[in-house]
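Let's take a walk through this model, one neighbourhood at a time. Have the viewer open and follow along.

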Amino acid sequence: MNENKWESYVRRVVPYTPGEQPKESGIIKLNTNENPYPPAPGVRKLLDGFDISKMRLYPAPDAEVLVNAIAERYNVKPSQVFVGVGSDDVISMAFMTFFGSDKPVLFPDITYSFYDVWADVYRIPYQTKPLREDLTIDPDDYKTENGGIIFPNPNAPTGVLESLEMIEDIVKSNPDSVVMIDEAYIDFGGKSCLPLTEKYDNLLVIQTFSKSRSMAGMRIGFAIGSEKLISYMNDVKFSVNSYTMNTVTQLCGAEAIRDEEYFTETVGRIIKTREKSKERLSELGFTFTDSQSNFIFASHSEKPACEIFNELKKRRIYIRYWNKPRIDNYLRITVGTDEEMEALFSALEEILNG
Ligand code: PMP
């Protein structure tokens, strides 16, 4: 087909592909690292009593109630907290704000597959650094000249957790660029590098309510860093859209983060199920990294990952598979409830022994 002249002005990108959200009921959904448990009970109560006349009004542009609740939970000043519509929104804003150099931004070759898409859409040069054979990060790779650094800890989709010492080594070696640590999965067994933000004003830590707080559908993410970093991010955010987060979400988020007991209990349950699942997968002939997240990144010694993925799908069990170099024989399995995992293991037994 002929191109119109205006098409040469189009900002073209190859978009990120999110995991499938199948419409059918009765499936077992272990493909997008959602939490199998409902949000904290206070969220239900809040929604039941919500006065819908509040919807007439614009939401608080600074999301004050939520920002204050997050600041209190993490013992920082509200001026050190930035909130966004999911951590995707937060990271996207952070790319736009901090990665304005013409030097390349660095991230691992195997990592969250949205980073290169944001770099492309904002025309940010980037370079990927190969993970070592055991899927860990080599900190020396991040000591070359760069326009910024980002990686998740634990990394996704590998689940591999890096130490705080290693993260500090990278931050310390890069005083001239912003280092972002994407802690989407940190609550499932890792130690957050948040305390390092007191020492390094170029460190931005990003977290989400989508995983450990069971609220992927509400879209809440946040970043914590020095007041200077957060103020630059707010300048950009208020130059794009002041009212990103709606009123209901702001209030529900604040309710959720105040319930520490529920959070500890549900996260604990997921960790227990994950560790049991590792044993079962091992018995079935899988090898995997020692995931510290709410998913397991596994490979089978005999059956190709792609075949297992398709066979599970036929049985209405959804997990995630990427046909990409270095990871095309791995499956990423979200940790669900004990019952969901039992159904997965029965299906796997059938597929592997059938
Ligand atoms: N970072 C990583 C590493 C992720 O896996 C995800 C989930 N897709 C996100 C960020 C974004 O999560 P959300 O936008 O739901 O907060």
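The buried residues of helix 7 pack against helix 1 (41-48), helix 2 (64-74) and helix 8 (260-283). Here, helices (H or I, at least four residues) and strands (E, at least two) are DSSP runs, numbered from the N terminus, and a contact means heavy atoms within 4.5 Å. Buried stands for under 20% relative accessible area, exposed for over 50%, and partly exposed for anything in between, with a 1.4 Å probe and protein chains only. Some ground rules: this is a predicted model, where local features need pLDDT of at least 70 and side-chain atom pairs count only at pLDDT 80 or more, while totals for chains, interfaces and linings use all residues. Residues are numbered from 1 along each chain as its sequence is written, and side-chain values use heavy atoms, with hydrogens and water left out.

Back to helix 7, which is mostly covered, with 9 of its 12 residues buried. Those residues are Thr247, Val248, Thr249, Gln250, Cys252, Gly253, Ala254, Ala256 and Ile257. At the start of helix 7, a side-chain oxygen of Asn246 comes within 3.0 Å of the backbone nitrogen of Val248.

Now hop over to helix 2, one of the packing partners of helix 7. Its buried residues are Leu66, Val67, Ala69, Ile70, Ala71 and Tyr74. If you like to read such a pattern by turns, an α-helix has 3.6 residues a turn, so residues three or four places apart point the same way. Besides helix 7, the buried residues of helix 2 pack against strand 2 (81-84), strand 7 and strand 8.

Most residues other than glycine have a negative phi, and most peptide bonds are trans. Leu135 is not a glycine, yet has a positive phi of about 70°. Leu135 sits in the loop between strand 4 and strand 5, and it counts as buried because its relative accessibility is 7%.

In that loop, between strand 4 (126-129) and strand 5 (148-152), you'll also find Thr136. With 16% relative accessibility, Thr136 counts as buried too. The side chains of Thr136 and Asp134 are joined by a polar contact of 2.6 Å; the term covers a pair of N or O atoms within 3.5 Å, where within protein one must be able to donate a hydrogen and the other to accept it, and residues adjacent in sequence count only if both atoms are side-chain atoms. Leaving out residues up to four places away in sequence, Thr136 touches Leu131, Val160 and Glu162.

Next come the cis bonds. The peptide bond from Asn153 to Pro154 is cis, with omega near -5°, and Pro154 belongs to the loop between strand 5 and helix 5 (164-172). Another cis peptide bond joins Ala156 and Pro157, with omega about 5°. Ala156 lies in the loop between strand 5 and helix 5 and counts as buried because its relative accessibility is 9%. Beyond its neighbours within four places in sequence, Ala156 is in contact with Ile110, Thr111, Tyr112, Tyr185 and Phe295.

Tyr185 takes us to the ligand. Of the 13 residues around the ligand, Ser87, Asp182, Tyr185, Thr208 and Ser210 come nearest, where being near takes a heavy atom within 4 Å. A polar side-chain atom of Tyr185 lies 2.7 Å from an oxygen atom of the ligand. Asp182 has a side-chain N or O atom 2.6 Å from a ligand nitrogen, and an N or O atom in the side chain of Arg219 is 2.7 Å from a ligand oxygen. The protein covers 91% of the 410 Å² of accessible area that the ligand has on its own, an area that comes from the Shrake-Rupley method with a 1.4 Å probe; for residues, only the protein chains shown count as cover.

Arg219 also has a positive phi, near 65°. Arg219 is placed in the loop between strand 7 (203-208) and strand 8 (221-224), and at 29% relative accessibility it counts as partly exposed.
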